[in-house]
Amino acid sequence: MEQFVRQKEDRSNSSRDWIRATRGAAILLVLAVAGAACATDSETGPLTTHDEDAKPGAVDARNPEARTAIGAFRSANAQAVALAAYQQGQLQAGRVVAAQKWGLKRAPLLPPAPPAKKPELKTEKGWETKSGGPGLPPVITRVPTKDKVIFLTMDDGSNKDPRLIRMMKELNIPYSAFLTDREAGEDGYAYFRRMHKAGVPMHNHTLTHPELRKMTYAQQYKEICGQQDNLKKAFGKRPPLFRPPYGDYNGDSLLAAKRCGVRAVPLWQQEVFPTKWDYRRADRRFHPGDIVLTHFRGSDEWDGTMPDVIRQVLKKADREGYAIARLEDYV
Ligand SMILES: [Zn+2]
């Protein structure tokens, strides 16, 4: 717990309220542990309620360690806070271990709570001339937010490294996949179904990864809406997000996407490869709401593995004080 408090103290994050609350809870837990150490049996016995407003079952009595710590508090409210701190401490300890396992010096920053209301999206300046008119899905490279968060997205689907699913799950990092049928579907989406089961949303990146602008409306419709159908079959619903291959599209692409249920077209601000980064801004830093792109590729296609690439993103995010948030919570 001390390690948790110290680590939180020397890090900065936009979710300062969360940190303050957690730190307060952690201190309470330390007090609880100290209290429990000198409490009599009757005080740490059954976690019965002493306050009139106390609710039975507010404390998870299954865990003896938590029970001892939390039992020192007579008020149900204080018990609930102590339990939250205990669970947070357990969670943080797990995150530190996972970070070390995956080659990171410390656990990635936690994002703030998702916004109560998703921000309103408009096609960004510079992209609107291509967007084909009003009423079409907005094209964005970042999410309009002041939260110090970035969003991690991965495209195509040729590489199916099981370590990637494990790494992201153990580190609890959200990400979104944009799948091309030709590559992602070559095993009948078995790999991506496992990823989806681990909580990763699956979105549309066409059937065959063509240059859409060179195609007729009918051809584009087939590429985009055909993939919507495949993804519905594999994952149970038509995805709300579509990303055109190469970030290249015209009004027909957006119209076809709209007609088969696409709500927004997220492109990207930064693209990550094992040996280089591409930036749209000169300062090369993350900005709040930036969408980051990488690809499902392995060492047979480029100079590194998926965990290598993700590590780079996490290290840069850590250096610049950003947490990775879930794109679908904002878009
Ligand atoms: Zn692609």
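Helix α6 provides the largest share of the lining of the largest pocket, 4 residues. The model is predicted: local features need pLDDT of at least 70, side-chain atom pairs count only at pLDDT 80 or more, and totals for chains, interfaces and linings use all residues. Residues are numbered from 1 along each chain as its sequence is written, and side-chain values use heavy atoms, with hydrogens and water left out.

The largest pocket holds about 390 Å³ of space. Of its 24 lining residues, N172, I173, P174, Y175 and R326 are the closest to its centre. At least two lining residues each come from α6 (162-171), β9 and α12 (327-330). Helices here are DSSP runs of H or I with at least four residues, and strands are runs of E with at least two, numbered from the N terminus. By class, the pocket lining has 18 nonpolar, 2 polar and 4 charged residues. Nonpolar covers Ala, Val, Leu, Ile, Met, Phe, Trp, Tyr, Cys and Pro, charged covers Asp, Glu, Lys and Arg, and the others, Gly among them, count as polar.

Pockets and cavities are both found on a 1 Å grid over the protein atoms alone: a cavity is a set of points where a 1.4 Å probe fits but cannot get out, a pocket is an open set with protein on both sides within 12 Å along at least five of seven lines, and lining residues have an atom within 4 Å of a point. Grid points are joined across faces, edges and corners, and a volume is the space filled by probe spheres set on the points. The count is 1 cavity of 30 Å³ or more. The largest cavity contains about 40 Å³ of space, and its lining consists of P108, L109, I173, L314, A317, D318, Y322, A323 and I324. The cavity lining has 8 nonpolar, no polar and 1 charged residues.

Helix α6 also lies on the path between two strands. Strand β2 (residues 149-156) runs parallel to β3, and 4 bridges join them; strands pair if DSSP finds at least two bridges between them. The chain crosses from β2 through α6 to β3 in a right-handed β-α-β crossover, meaning that, with the strands pointing away from the viewer, the path from the first strand over the helix to the second runs clockwise. D155 has F178 as its bridge partner in β3. Strand β3 (residues 176-179) is covered on both faces, with S176 and F178 buried on one side and A177 and L179 buried on the other. Buried means under 20% relative accessible area, exposed over 50%, and partly exposed in between, with a 1.4 Å probe and protein chains only. Strand β3 is also joined to β4 by 3 bridges, again in parallel, and L179 stands opposite N204 in β4.

The zinc ion has D156 (OD), H205 (NE2) and H209 (NE2) as protein donors, at 2.0 to 2.2 Å. Donors are N, O and S atoms within 2.8 Å of the metal (3.2 Å for Na, K and Ca); water is not among the atoms, so sites may look incomplete. The donor spacing in sequence is D-x48-H-x3-H, and both H205 and H209 are buried.

T206 lies in the loop between β4 (202-204) and α9 (217-235). Its phi is near 75°, a positive value in a residue other than glycine, and T206 is buried, at 0% relative accessible area. R284, not a glycine either, has a positive phi of about 60°. R284 sits in the loop between β7 (277-279) and β8 (291-295) and counts as exposed, at 52% relative accessibility.
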